[in-house]
Amino acid sequence: MNNLTLIQAVKDQKPLVHNITNQVVMNFSANGLYAIGAQPVMAHAREEVVEMASNANALVLNIGTLTGELVDSMILAGQAANKKGTPVVLDPVGVGATHFRTEAAKRIIDTVQLTAIRGNAGEISQLAGIDAEVRGVDATGEIDRIEVAKKAQRELDIPIIVTGETDVIVTEEKCLELNNGTPLMTQVTGTGCLLTAVVAAFLSVSETTLDGLVAAVSFYTIAAEVAAQTVTSPGSFQVAFLDALSEVGIDDCQKRLQIIREERS
Ligand SMILES: Nc1ncnc2c1ncn2[C@@H]1O[C@H](COP(=O)(O)OP(=O)(O)O)[C@@H](O)[C@H]1O
Ligand SMILES: Cc1ncsc1CCOP(=O)(O)O
Ligand SMILES: [Mg+2]
């Protein structure tokens with residue numbers, strides 16, 4: 001289950017990850033995907049997303065800076081990926097903060113077969129029908145991530161990652177909680193969005209969804225931990241994190257991995 005060999009599989013297979021993502025994180029996401037050995041491409045136009053998604057190895061749908069036209073592009077791309085059996089991961093950035101985002105996320109979930117959804121506790125609460133305040137793109141307040149992840153997985157029948165101080169992964173079979181990472185991740189924009197893209201890359205080289213999710217989250221948060229050993233401020237952390245994403249390997253992960261819960265869901 002904890003198949004860390006997927007770190008090398010990404011470097012060997014260099015999956016093409018098609019991102020329809022927000023304007024804030026495009027550069028960071030592209031650089032992060034390069035750092036792990038994947039190939040990023042950002043393509044948003046309705047005229048080209050079907051072709052791009054059909055040729056990609058994974059697709060990311062991120063609603064961070066949404067427009068009406070982008071929702072249509074996401075659905076077209078998602079359905080093209082579904083036809084090819086390509087993994088599709090949704091990042092419901094800021095869902096619940098406005099009705100437009102909430103309706104858009106619902107439309108995407110209803111019309112595209114998603115391989116996984118990754119969001120913070122506030123966002124996933126919204127999708128699970130649990131009352132939680134979402135004002136911008138960050139989670140606020142005390143939310144039980146395990147309860148939220150389990151409810152969202154049951155209601156939507158889609159594997160879920162809820163991130164935060166610990167990260168919770170819930171599939172139909174398993175619920176895991178991982179305790180790696182660093183609070184510096186909350187001081188750099190795009191660390192959630194890049195994780196979603198990394199998850200998509202790992203899913204494209206993984207035999208099972210659960211393996212891909214666990215390996216991606218553990219590798220990513222351990223790379224952040226390694227980066228935080230050398231820096232203390234957000235700007236230098238961003239750079240050190242990209243470096244660590246390219247350098248951290250299976251040995252570092254095996255030494256640092258902290259799975260603090262593993263049970264049937
Ligand atoms: N307090 C924290 N301590 C350690 N890692 C954290 C903390 N908060 C978030 N992270 C990590 O930051 C990344 C982004 O998570 P999160 O902040 O929940 O997403 P988003 O940026 O979408 O709100 C995840 O890898 C998560 O593990
Ligand atoms: C600040 C902001 N506003 C719209 S999208 C975005 C980036 C959010 O990135 P993340 O959820 O990874 O922190
Ligand atoms: Mg986010």
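Student: What makes up the shell around ligand 2, by residue class?

Tutor: In this predicted model, the shell around ligand 2 divides into five nonpolar residues, seven polar and no charged. Its members are N22, V24, V25, G64, T65, V93, V137, T189, G190, T191, G192 and C193.

Student: How do you know that the length of helix α10 agrees with what its residues should span?

Tutor: Helix α10 covers residues 234–247, which is 14 residues, and at 1.5 Å a residue they should span 20 Å. The end C-alpha atoms are 19 Å apart, so the two agree.

Student: Which residues of α10 are buried, and what covers them?

Tutor: The buried ones are F237, Q238, A240, F241, A244 and L245. Their cover includes α2 (26–36) and α9 (209–228).

Student: Why is I130 called partly exposed?

Tutor: I130 has 17 other C-beta atoms within 10 Å. Buried takes 20 or more and exposed takes 12 or fewer, so a residue in between is partly exposed. I130 is found in the loop between α6 (121–128) and α7 (145–156).

Student: What does I130 touch, beyond its neighbours within four places in sequence?

Tutor: I130 is in contact with S125, V148 and K151. Take K151: I130 and K151 are 21 residues apart in sequence, yet 8.6 Å apart in space, C-alpha to C-alpha.

Student: Why do β3 and β4 count as paired?

Tutor: Pairing needs at least two bridges, and β3 and β4 have four, so they pair. The sense is parallel, and V60 has V89 in β4 as its bridge partner. Both faces of β4 (residues 88–91) are covered, with V88 and L90 buried on one side and V89 and D91 on the other.

Student: Where in the chain is confidence lowest, and where highest?

Tutor: Lowest is helix α11 (residues 250–256), at a mean of 95, and highest is strand β3 (residues 58–62), at 99. The chain averages a pLDDT of 96, and the predictor gives the complex an ipTM of 0.99.

Definitions and conventions
Residues numbered from 1 in each chain as written. Chains lettered and ligands numbered in written order. Predicted model: local features only at pLDDT ≥ 70, side-chain atom pairs only at ≥ 80, totals over all residues. Near = placed C-beta within 6 Å. Nonpolar A, V, L, I, M, F, W, Y, C, P; charged D, E, K, R; others polar. Expected span 1.5 Å × (residues − 1). Contact = placed C-beta atoms within 7 Å. pLDDT = per-residue confidence, 0-100.
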